[in-house]
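User: Could you walk me through this one, starting with the contacts around the rings?

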Amino acid sequence: QVQLAESGGGFVQPGGSLRLSCAVSGTFFSIYSMGWYRQAPGKQRELVADITSSSTTNYADSVRGRFTISRDAAKNTVTLQMNSLKSADTAVYYCNAVVRITLSSRESYWGQGTQVTVSS
């Protein structure tokens, strides 16, 4: 079984910063990629940023230049530093991890979600 534990999030004024962290634990061979998705009310879940085991990063156009994703391979954690936050960033943020259960199989796991609210 694989578990994802998220931390961070909360309430911030426009222009402020927040940091989200996610730790992966359980039984698996290795982590293929980790990332953050978000879902605003009435909208579909969308990719915010992800990072592979080789540290290749990918960002949504709406957050590029404001958000930074990083990972600590030794601790199986991923962090999303969010700067210059806008009201449009308000959403529930979900951590995602794609792990190798065996050398030839991968599975995707999700955290429980953490609320980020940007408002004056």
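**Rings and charges**

Analyst: The charged end of Arg 106 sits over the ring of Tyr 32, 3.7 Å from its centre, where sitting over a ring requires NZ of Lys or CZ of Arg within 6 Å of the ring centre and within 35 degrees of the ring normal. This is a predicted model, in which local features need pLDDT of at least 70 and side-chain atom pairs count only at pLDDT 80 or more, while totals for chains, interfaces and linings use all residues. Residues are numbered from 1 along each chain as its sequence is written, and side-chain values use heavy atoms, with hydrogens and water left out.

User: And what sits over the ring of Trp 110?

Analyst: The charged end of Arg 45 does, 4.6 Å from the ring centre.

User: How many aromatic pairs does the structure hold?

Analyst: It holds one, formed edge-to-face by Tyr 37 and Trp 110, with 5.0 Å centre to centre and 70° between the planes; rings of Phe, Tyr and Trp (its six-membered ring) pair if their centres lie within 6.5 Å, and planes under 30 degrees apart count as stacked, over 60 as edge-to-face and the rest as tilted.

User: Which parts does that pair tie together?

Analyst: Tyr 37 lies in strand E4 (residues 30-39) and Trp 110 in strand E10 (residues 105-110), so the pair links parts 73 residues apart in sequence; strands here are DSSP runs of E, at least two residues long, numbered from the N terminus.

Notes:
Helix = DSSP H or I, 4+ residues; strand = E, 2+ residues; numbered from the N terminus.
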